[in-house]
Amino acid sequence: MMSTRMSKVQQGPSRSIDTSEEVASLLRFIDAIQKHGVIDDVSIALMVLDIFACFSSSSSSKTIVVKTLDSDTASGLLSSLSMIFRTMDEKLFEEMGVANLPVVAHVVHILLTWTKVYKDSKAAHIIFCLKKLLCRSPTVLGSVFPGACRAVFELLLQKEEQAQSNLVDYLCLLFEMLQSMIRFEKSKPDQWKCAAAKMLESSMYALTARHSSNVNREIRQTLGVQSALLLLNLPDAMGSCQGRLLDVVATLSYDADYSVAEAVRRATNKLYREKFQPQIAFKLLECCDRLPCASQNVFSSQQQMEYQLLCGYIALLGPEGMRQFSLCESHVEKLVNSMLECISMKLSPVSEYIVEEELLSKETCSSTPADSCVVLVVPEEPRAQELLQDALGLIGSFSNLQLLVEALLQKTLDGRLKMEALYALNKTFLGALKHRNDAASDFAEITLQAVLEEFSDANRIPLLRMLLLLETMRCCSLALRSNLLPYLLSGLYVALSLSGEYATKVAAERVLASFAVALDESSVCSLILNNMDYLVSSLLIRIRYHSLYPEVCSVLASLFKKIDLVQADKTAPLITEAMLILDQSEEDQEIVLRLWQAFLSFCQVCKVGRNVAEDESGEEPEDEKESPWYVGKLVDILKRARSWIRANSIPVQLISMKTFAVAVEALSNFQNDLLPILHQIWPSLISIFKSGAPIAKAASCRAIVAAVNNSGSFYSKRFQEEALPTVTKLLNELAGCSSNATLTYLQSPRFSLQFELLNGLADVCKCLELPKEQVTACMAACEPYVNKDQPKKLRELAESGMKKMKSLM
């Protein structure tokens, strides 16, 4: 039967078969061949191809017309052909090409034509057959290479969407054909090589440009891995494509999808990096030339690709490559300059910050986002910003840092580091810390010295620069570890002076936390406690020369926020010295204000300490025979508050009254010390409450409420006769002002006054046990605020207060 079939087709593809009987007969014939087992006879193999060609096309003297078969017929034919190819000995494919190249080329032409017609499973059979016919036979591939490559390129570059799985398979087919080209290209004439090189250069550029950013992860991964493998054995005709292929590998080795990046990096092994290290270094320098232009480019995708390319080349160089790269001063200078030209920054507000939970270990401390209050505005694309930061981090992790840090430290303006250089330096240090590059510690000391020296005149430092400098302190401390000790006191002084300011609080708190981590302390409080003696001695000297160190009062205020009452006894000399300065600083309102901020922090420490003692004992202690050390300090502060609440400066008035209220609460258990002061200060408080500005009235109301609640019935008569009429009058007068209040009104002094009045009135009525008629008058004054037109906060306070007062009647 098989010999009969061979006699019908041995004349070549000169006719076509298209009847249903012949289709069935062909399939039965193919089935018989498959059952025959392994095919090792070239004549049988050529016969199969001849029959396939006759069935799939029609030919005339000049052209071959490839047929489009119905889906089922094509599927059956292609699956059968691929099954036959699986049974063939591998050497037969080359023997077929030598024995009858026209027949094999004819079948290749049919299959390439069908790539534009059939997809999915049929396309998989086509690709398998093409791989066998082309990549297993140098003779066939060498004959049809330009046309076959062009056909696959055109398919991969089609604008209409293809099945993504097929595109991956076609990519693999293309790269296998390109790798097989080495086996025959040397036998080709120069004209053929030039034409092939030109075609491949343009086609590869178009292909990689289209698919290196393909949304399909598998396509990007295949392109990156296959490009890397092709580079290891690149045909001579593709020499001009080497740079483009390196770009593709570098870009995809830093793909946004980690699995893609990891697969491409595995393909670029150590041998690969050693072979292409000079070319990669050159391409990195080329990339540096383009970076400044890319940063200004309005097309965000181009920004992203350029920065991804930069990161990819740095990653491809690896530790050894970056070390070699860093040996050349001009290379480092170019890299630093290009990245600094790309950077522009702005402030980003931070609403909340909790340092204790975030920075308790070196790992979390070094991995938290740097420059939390500083963000990039150039480059604009978020992914490009992330990649630029990654590039700086990679440099810090790979390089020995010497030339790099030196180059950054030379980027000065008026003798100070440029802000772009500070930002880059911080990212580099963090990269070194994250990857445990010990080289960072060699340069952290020099950098920290420069930063602390600049902070000697902190008043002249712009906010953005101050945040960057604080971040530099953080990085340097983590790099120095125990070597930080010689600079600890100076660093603590700077960080504490800025931790009390709203704009710098976040960055300064991070510095303090980093100091604690660097020195293996459990917390910032533990760090300060263990260095309290040194701190107090240093601050005592500076506070005596406060005109030279105006920020020392801010340091004192921040210090009290970091300790508790048990530890505060060592600060007694500082409080005494601060009060002496206050008595001599009537004209310097800034110093006065900062001193009162320090006193307020001290009073809060005392108040919290008293509350803790009560919670531990479970009851309020009676007056002690011998008062603790801090009672005398609180009394001295209250005595000074008596005169300062009448100061001409509204801010001083407000903070002195706030301090008074907190100090009174802290002294509530020491009535013998407290009541004389309350007696003396009443005229000042009631005077401000009656005739002061609205914001001062609110502060005095808070102070009066604190005094009443912590002195029993001491103020009962005075409050009923002098304060209560003013309270009800103010509530009645202001009720109309807050009706349908706008957001602007909610931020006004009048609203603050209403809030304080409503917040404290019920407690005062209860504490003083006011008569029924006076409680009724108070309830009547609160009643307008229950109206739904009133602000929610005032309405809730009024409802709560009226409920409490009603229970007293």
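Author: A salt bridge is a side-chain nitrogen of Lys or Arg within 4 Å of a carboxyl oxygen of Asp or Glu. By that rule, this predicted model holds 27 salt bridges.

Reader: What makes Lys283 and Glu286 a salt bridge?
Author: Their closest N and O atoms are 3.5 Å apart. The cut-off is 4 Å, so the pair qualifies. Both residues lie in helix H14 (residues 270-295). They are three residues apart there, about one turn of the helix.

Reader: Is Lys283 buried or exposed, and how do you know?
Author: Lys283 has 12% relative accessibility. Buried means under 20%, so Lys283 counts as buried.

Reader: Why is Glu286 called partly exposed?
Author: Its relative accessible area is 28%.

Reader: Which salt bridge does Asp289 form, and with what distance?
Author: The side chain of Asp289 meets that of Lys334, at 3.1 Å from N to O. Asp289 lies in helix H14 and Lys334 in helix H16 (residues 329-342). The pair therefore ties together parts that are 45 residues apart in sequence.

Reader: What makes Asp289 and Lys334 partly exposed?
Author: Asp289 has 46% relative accessibility. Lys334 has a relative accessible area of 30%. Each value falls between 20% and 50%, so both count as partly exposed.

Reader: How do you know that Arg474 and Glu471 form a salt bridge?
Author: Their closest N and O atoms are 2.7 Å apart.

Reader: Why are Arg474 and Glu471 called buried?
Author: Arg474 has 1% relative accessibility. Glu471 has 4%. Both values are under 20%, so both residues are buried.

Reader: Which residues are linked in a network of salt bridges?
Author: The network links Glu90, Lys131, Lys132, Arg136 and Glu176.

Reader: How many aromatic pairs are there?
Author: Rings pair if their centres lie within 6.5 Å. By this rule the count comes to 13 aromatic pairs.

Reader: Why is the pair of Trp114 and Tyr118 called edge-to-face?
Author: The ring centres are 5.4 Å apart, and the planes stand at 85 degrees. Planes over 60 degrees apart count as edge-to-face, so the name applies. Trp114 is buried, with a relative accessible area of 1%. Tyr118 is buried too, at 6% relative accessibility.

Reader: What makes the pair of Phe145 and Trp192 tilted?
Author: The ring centres are 5.9 Å apart and the planes at 50 degrees. Stacked needs under 30 degrees and edge-to-face over 60, so this pair is tilted. Phe145 lies in helix H8 (residues 138-156) and Trp192 in helix H10 (residues 190-211). The pair therefore ties together parts that are 47 residues apart in sequence.

Reader: How do you know that Phe145 and Trp192 are buried?
Author: Phe145 has 0% relative accessibility. Trp192 has a relative accessible area of 16%. Both values are under 20%, so both residues are buried.

Reader: What sits over the ring of Trp192?
Author: The charged end of Lys188 does, 5.7 Å from the ring centre. The charged end of Arg244 sits over another ring, that of Tyr205, at 4.7 Å from its centre.

Reader: Which residues do ring pairs link into a cluster?
Author: The cluster holds Phe560, Phe602, Trp629, Tyr630 and Phe670.

Reader: Why is helix H12 called largely enclosed?
Author: Helix H12 spans residues 242-252, and eight of its eleven residues are buried, so the rest of the structure largely encloses it. Among the buried ones are Leu245, Asp247 and Thr251.

Reader: Which residues form a nonpolar patch on the surface?
Author: Ile541, Tyr545 and Leu548 do, with about 360 Å² of accessible area together. Leu548 lies in the loop between helix H27 (532-544) and helix H28 (552-561).

Reader: What makes Leu548 exposed?
Author: Its relative accessible area is 62%. Exposed means over 50%, so Leu548 qualifies.

Reader: How many helices and strands are in the protein?
Author: There are 39 helices and six strands. Buried residues make up 53% of the 809 residues. The accessible surface comes to about 36,000 Å², of which 51% belongs to carbon and sulfur atoms.

Terms used
Residues are numbered from 1 along each chain as its sequence is written. This is a predicted model: local features need pLDDT of at least 70, side-chain atom pairs count only at pLDDT 80 or more; totals for chains, interfaces and linings use all residues. Side-chain values use heavy atoms; hydrogens and water are left out. Rings of Phe, Tyr and Trp (its six-membered ring) pair if their centres lie within 6.5 Å; planes under 30 degrees apart count as stacked, over 60 as edge-to-face and the rest as tilted. Buried means under 20% relative accessible area, exposed over 50%, partly exposed in between (1.4 Å probe, protein chains only). Helices (H or I, at least four residues) and strands (E, at least two) are DSSP runs, numbered from the N terminus. A charge sits over a ring if NZ of Lys or CZ of Arg is within 6 Å of the ring centre and within 35 degrees of the ring normal. Patches are made of residues with over 30% relative accessible area and no salt bridge: like charges are joined within 9 Å, nonpolar side chains (Val, Leu, Ile, Met, Phe, Trp, Tyr) within 5 Å. Accessible areas come from the Shrake-Rupley method with a 1.4 Å probe; for residues, only the protein chains shown count as cover.
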